[in-house]
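Welcome, and please have your viewer open. We will go from one selection to the next, with a short note on what is there each time.

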Amino acid sequence: MTKSNVSRASRAKIGGKSAVEPCACCGIAPDAQGRPFSVTFGLPDVYFQIEEELLDTWGDDPFLAIKNVGFFLRVLMPVNLTDGFSVNFGTWLEIHGEDFKKAWTNWNFPEYADLEIEGYVANAITPWGEFPHKLVRAVVRDVTQVPFLASCPDPLVTRILGDTWPHAEVLTSYSELLKPDPKLEG
Ligand SMILES: [Zn+2]
């Protein structure tokens with residue numbers, strides 16, 4: 001064995017024929033490793049409703065402030081789906097300026113693990129559309145990820161976060177986005 005053949009890299013079990021077939025009802029294949037899909041909204045919806053000459057922002061992603069509009073934090077909204085599917089929607093929470101400052105200050109420190117923040121979901125997300133103007137609480141599940149939406153007094157949002165939804169109802173409008181990349185599939 002030559003020295004150059006030795007490394008500390010681990011060898012994960014990858015490659016081979018895909019273990020999962022596309023679903024007969026919607027044509028979408030679940031992730032082979034069972035990971036949730038990611039559907040990410042690039043910016044809060046309000047960003048696109050402001051005339052360009054009035055748009056004055058600070059930060060980008062995950063911290064975005066829009067002058068005279070509000071403060072936005074990148075969050076994940078996990079949704080459980082039937083038949084082995086799940087999806088994390090990357091969305092934005094409109095939060096209080098003080099909370100924005102606190103999140104920004106603690107983001108890369110141990111205090112981040114205890115961060116809890118309330119705000120309003122800032123994207124209309126198909127199939128539910130515009131979210132009710134009710135505070136949704138976000139918590140940290142994993143310090144390497146942005147906060148996850150966890151609870152809300154609104155019954156619909158409670159169902160979105162807690163129920164298992166028919167996967168086709170939720171995923172069909174994103175089917176183009178969720179197609180496996182043939183370059184990656186080989
Ligand atoms: Zn299906």
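**The whole chain**

Start with everything selected: of the 186 residues in the protein chain, 23% are buried. A residue counts as buried if 20 or more other C-beta atoms lie within 10 Å of its own, as exposed if 12 or fewer do, and as partly exposed in between, with C-beta atoms placed from the backbone. What you have on screen is a predicted model, in which local features need pLDDT of at least 70 and side-chain atom pairs count only at pLDDT 80 or more, while totals for chains, interfaces and linings use all residues. For your selections, residues are numbered from 1 along each chain as its sequence is written.

Switch to a cartoon view and you can trace 5 helices and 9 strands in the protein chain. These are DSSP runs, numbered from the N terminus: helices are H or I with at least four residues, strands are E with at least two. Along the sequence, the pattern reads β-β-β-β-β-α-β-β-β-α-β-α-α-α. Among contacts in the protein chain with a separation of 6 or more, 55% are between residues 24 or more positions apart. Here, contact means that the C-beta atoms of two residues, placed from the backbone, lie within 7 Å.

Next, select residues 70-81, which are strand S4. Strands are called paired if DSSP finds at least two bridges between them. Look for Phe63, which stands opposite Leu73 in S4.

Pro78 has Asn88 in S5 as its bridge partner. Finally, bring in residues 164-165, strand S9, which pairs with S4 in the parallel sense over 2 bridges. Here, Leu81 is partnered with Trp165.

**Two hairpin turns**

Zoom in on Asn68, in the turn of the hairpin that S3 and S4 form with 3 residues between them. Asn68 is not a glycine, yet has a positive phi of about 65 degrees. Is Asn68 buried or exposed? Asn68 is exposed, with 8 other C-beta atoms within 10 Å.

Then move to Asp83, in the turn of the S4 and S5 hairpin, where 4 residues separate the strands. Asp83 is another non-glycine residue with a positive phi, about 60 degrees. Asp83 is partly exposed, with 13 other C-beta atoms within 10 Å.

**The largest nonpolar core**

Which residues touch the most other members of the largest nonpolar core? Select Phe72, Leu73, Val75, Val79, Val87, Leu93 and Val136, from a core of 33 residues. S4 gives the most to this core, with 8 residues. Such a core is a set of buried Ala, Val, Leu, Ile, Met, Phe, Trp, Tyr and Cys residues joined through C-beta atoms within 7 Å.

Centre on Leu93 and show its surroundings. Leaving out residues up to four places away in sequence, Leu93 touches Phe72, Leu73, Val75, Ile117, Gly119, Tyr120, Val121, Ala122, Val136 and Ala138.

**Two cis peptide bonds**

For the last stops, show the backbone atoms. Asp61 and Pro62 are joined by a cis peptide bond, with omega about 15 degrees. Pro62 sits in the loop between strand S2 (57-59) and S3. Then go to Thr126 and Pro127, where the peptide bond is cis with omega near 10 degrees. Pro127 is in the loop between strand S6 (116-121) and strand S7 (136-139).
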